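Subject: The structure you asked about

Hello,

Here is the structure for you to look through. Please open it first, then read my notes below.

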Amino acid sequence: MAKYRDASEFLEGKRSGLRQITSPEGVVLPVELASYGERAAAYLIDMAIWLGITLLTGLIAALILRGPALIYVLLIMVFTAVLIRNLYFIGFELAWQGATPGKRVLGLRVVDRRGGPLQPGAVVARNLTREIEIYMPLGLMLTPFSGPGVWGRLAILAWLAIFLLLPLFTHYRLRGGDLIAGTMVIALPKRVLLGDLVEAKLRYRFSEPQLAAYGAFELQVLEELLRARDTADSRRLRREVCEKICRKIGWTTPVPDGETMLFLRDFYTAERAYLEREQLFGKPRADKHHAEAG
Amino acid sequence: MAEDDRPVTNLTLKSSEFRKGREAGWRALENLIGRLERRGVRDLSVEELQSLPLLYRSAVSSLSVARSIALDRNLLRYLEDLALRGFLAVYGPRIRLGRGLLGFFTQLFPRAVRQGGWHILIATLALLTGFVAGFLLVGLDESWFTTLVPSGMAGGRGPGSTRAELMQGELFAPWPGAAAAFGIFASFLFSHNTLVGILCFSLGLAAGVPTLLLLVYQGLILGAFLALHMHRGLGVAFLGWISIHGVTELTAIMLCGAAGLMIGGAILFPGRHGRVDNAAIRGRFAAQIAVGAIFMFLVAGILEGGFRQLIASTPWRFAVGGTTGALWLAYFLGAGRRARL
């Protein structure tokens, strides 16, 4: 039986982050979850920006107040830092449709887990929860005076570890905030539409039994091969595939070296026409094992 | 290419014809989304904005058709991505920060609080139970005070404190000036009560039992303090002193506890959904309550730091405490009744 679920799995490897959402129109759309590393990187970028803004406000405050008022400056910074980080995350995710600058750099988006519209309430909830997940424990940890004892610090450390590692243990790679807001973070792909490989005029003709030797899986792997850049390597591979196909379908007239591409494209066109017609008639062929499977 | 005299067959594929007919629409949508993602809504004209949902719906229907008639993998994946990006562009939030926050505080937060009626009642009962127990215990025997109240919180107050000490050092201590008041305000961020509130909420994940225990304990401490002051004839003064910020703060703790109980209840009694799903459904309300409560702690911090020592008369303190209580009640009962979002 087939080793792979489909051609995409064979060509791109098994994607463990693949999930589905159903759009309001009722169409199932595959989405790719953002990886832990991508999210961490996006978060670090955002934190760097936040730190920069906070230091800047501190600098401005210091310039305005001047003199021996360092403690005021620190207090202003502590307060504005909290305000800025919350407004920053919520503001950007609302205005940029689920992306902060860090997420944008890495091509990540926050979406509703069930495929509904991303609610403003969810954005607010998922970001303010970060206060509980990270900043509160971190702040407590770093309290210089009358801080928590050794056991307290250990408990806080455990707390931090649980929340930081949560995305590794949940099915949708959810942070605490995502869990509660019903959101998830996905990586946004950008694939371009390439030209149609179908030839209008065919030099080679294939009979139906010859075309029945293959299924959609082989067709799409062939598609990838035809779309590959023209290098010595891909030329050699095409030649091999061409010979293999000839053997399989019992093509006896030799295909000249210069016509490998022409033959393959003609075969691709004929094969796709045949398979699409079969699929339309309710007889889809997944791969070459179709006949055995019955 | 060299001339070829081999016979030529013509073959038309339904999927190719389909693609030829629809491709212009896809390209147009791709262009609009690209500009929207890079430069924002304002880059699009009114006509373009109006065409966006139409182009998106046609791309989604193209995807459905392509899935049934086409085997071109590149085309299918392109359409899947286009539909997803279109979905995000059409259904993503496009709201300014101000409106988002306004919506939260005028609609979502008070509504979520009204959702939690029973949970709030249970949380209040837990707090009251602790309060009565603490009051009775310390009322009967003051040595209980040191057992119940951790020394860090007691701050030197205890069975040994005299009436004068409590009067001057605590209840009617002079206003320390803007700097220290602001200092207290800032230290609110890491203050004990905020932490308790947050713990109450998050420990709801452990089926709500620790939440209840924590609430009872908070009540216990408060009752112990009241009894200590009562014995020195300062009961009313103490209540006035604490009411300024306490009304807000205790309400917030109660709400956090109620939110924790909501999550605990959702996990204990998942109903028709799975436990994780149910926690997410109920959790949304619970999180909104907790998040709103954090801002109540902020208000309490301002009241505590700024006003508690500034207002040195007990009747005025009760007036401030009572007013804040009435305002919160009106807010939770009245705000966001009319559906707008």
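Start where the chains meet. In this predicted model, 60 residues of chain B are in contact with 68 residues of chain A. Which elements of chain B give two or more residues to that side? They are β1 (9-10), α1 (14-39), α2 (46-69), α3 (73-91), α4 (97-115), α9 (178-187), α10 (192-202) and α13 (275-307) of chain B. The most comes from α3(B), with 13 residues. By class, the residues on this side of chain B are 32 nonpolar, 14 polar and 14 charged.

Strand β5 (residues 201-202) of chain A pairs with β1(B). The sense is antiparallel, over 2 bridges. To find the place, look for L202(A): its bridge partner in β1(B) is T9(B).

Now chain B as a whole. Chain B has 14 helices and 1 strand. It has 341 residues, and 44% of them count as buried. How far apart in sequence are the residues that its contacts join? Take the contacts in chain B between residues at least 6 apart in sequence: 78% of these join residues at least 24 apart.

Next, the sheet in chain A. It is an open sheet of 4 strands, in the order β1-β2-β4-β3, with antiparallel pairing. Which strands are at the edges? They are β1 (18-22) and β3 (108-112) of chain A, and each pairs on one side only. Neighbouring strands in the sheet are turned by 50° against each other on average, direction ignored. Look at one pair. β1(A) and strand β2 (residues 28-33) of chain A run antiparallel and are joined by 5 bridges. Within this pair, L18(A) has E32(A) in β2(A) as its bridge partner.

Then a helix pair in chain A. Two packed helices are described by the angle between their axes and the distance between the axes. Helix α9 (residues 216-227) of chain A packs against helix α11 (residues 260-280) of chain A at about 145°, with the axes 10 Å apart. Their crossing is left-handed. From α9(A), the residues that meet α11(A) include L219(A), L222(A) and L226(A). On the α11(A) side, L264(A), Y268(A) and L275(A) are among them. This contact has 7 nonpolar, no polar and 4 charged residues.

Last, confidence. Chain A has a mean pLDDT of 83, and 94% of its residues reach 70 or more. Where in chain A is confidence lowest, and where highest? The lowest is helix α12 (residues 290-293) of chain A, at a mean of 61. The highest is helix α4 (residues 101-106) of chain A, at 93.

Best wishes

Note on methods:
Residues are numbered from 1 along each chain as its sequence is written. Chains are lettered from A and ligands numbered from 1 in the order in which they are written. This is a predicted model: local features need pLDDT of at least 70, side-chain atom pairs count only at pLDDT 80 or more; totals for chains, interfaces and linings use all residues. Two residues are in contact if their C-beta atoms, placed from the backbone, lie within 7 Å. Ala, Val, Leu, Ile, Met, Phe, Trp, Tyr, Cys and Pro count as nonpolar, Asp, Glu, Lys and Arg as charged, and the others, Gly among them, as polar. Two strands pair if DSSP finds at least two bridges between them. Axes are lines fitted to C-alpha atoms, for helices over the stretch in contact, and angles run from 0 to 180 degrees between N-to-C directions. A crossing is left-handed if the near helix is turned anticlockwise from the far one by less than a right angle, and right-handed if clockwise. pLDDT is the predictor's confidence in each residue, from 0 to 100. A residue is buried if 20 or more other C-beta atoms lie within 10 Å of its own, exposed if 12 or fewer, and partly exposed in between; C-beta atoms are placed from the backbone.
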